[in-house]
Each structure stands twice: as structure tokens, then as C-alpha cells.
Amino acid sequence: MNIEVKKIGNGKTLGVIGTDKFKFNYLSLNFLLPKTEENIASAVILARVLARGSEMYPDIKSINKKLGMLYGANLSFTAGDYADKFSLKICAGFL
């Protein structure tokens, strides 16, 4: 297993764990925001809106249909507390 952590910008890091053991990929984007009422409300609303659809996939049914055609890919959006910050997490699993 190969683990790399790279600084890619001011306050931004990229962590990559590489292995030939699995054929499945997992991508996780974590946005850490200061705990303010505006940030918390925006992150929670954004997580729910992203999970419900987009212009190309306007409802959950069309999103799940597309994910099913991608050999069982999955997508999730969560918002919650992380220490003294608030986080918005976007995760995708795919072949």
C-alpha cells in the first residue's frame, strides 16, 4: 500500500492511498468551514440539494439509474460537526 499526502494549496491537502489489492475507487472531498449559522445552513441545504438531483439528473430515480449503469457506483453527501469546524463531505465510490 502506498500512502501520499501532498499540499496542493493554501490550507488544502490531497491524500492518496494506492493499492493494487482492490478494483474499487473511493473519492472523498471534505470541506471544513468555520461554525457560523450561515455556513451550517448553507452546507446542510447544499448536501440535501445535491443528493436530490441536478440539471442532467433531475430526480433521485434518474441519479440511481445512472449510478446503476456505472456498475454499482455510489454517491453520498453529508454535513456535520467536525471538531471546532463544520464539514460538508462529498463521497463517490466507483470501479
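1. In these remarks, two residues are in contact when heavy atoms of the one lie within 4.5 Å of heavy atoms of the other. The model is a predicted one.

2. Ser-87 belongs to strand S5, which covers residues 85-94. Leaving aside residues up to four places away in sequence, Ser-87 touches Phe-31, Leu-32, Thr-78, Ala-79, Gly-80 and Tyr-82. Its relative accessibility is 13%, and because buried means under 20%, Ser-87 counts as buried.

3. The largest pocket has a volume of about 990 Å³. Its lining is made up of 27 residues, of which Gly-15, Val-16, Tyr-26, Leu-27 and Ser-28 are the closest to the pocket centre. Two or more lining residues are given by each of strand S1 (2-9), strand S2 (12-18) and strand S3 (25-34). The largest share, eight residues, comes from S3.

4. Helix H1 comprises 16 residues, 37-52. Does the distance between its ends agree or disagree with the expected span? At 1.5 Å a residue, H1 should span 22 Å, and its end C-alpha atoms are 23 Å apart, so the two values agree.

5. Just after H1 comes Gly-53, whose phi is positive, at about 150°.

How values were computed:
Residues numbered from 1 in each chain as written. Predicted model: local features only at pLDDT ≥ 70, side-chain atom pairs only at ≥ 80, totals over all residues. Heavy atoms only, no water. 1 Å grid on protein atoms, 1.4 Å probe; cavity = no way out; pocket = protein on both sides within 12 Å on 5 of 7 lines; lining within 4 Å. Points joined across faces, edges and corners; volume = space filled by probe spheres on them. Helix = DSSP H or I, 4+ residues; strand = E, 2+ residues; numbered from the N terminus. Buried < 20%, exposed > 50% of the residue type's maximum accessible area, 1.4 Å probe, protein only. Expected span 1.5 Å × (residues − 1).
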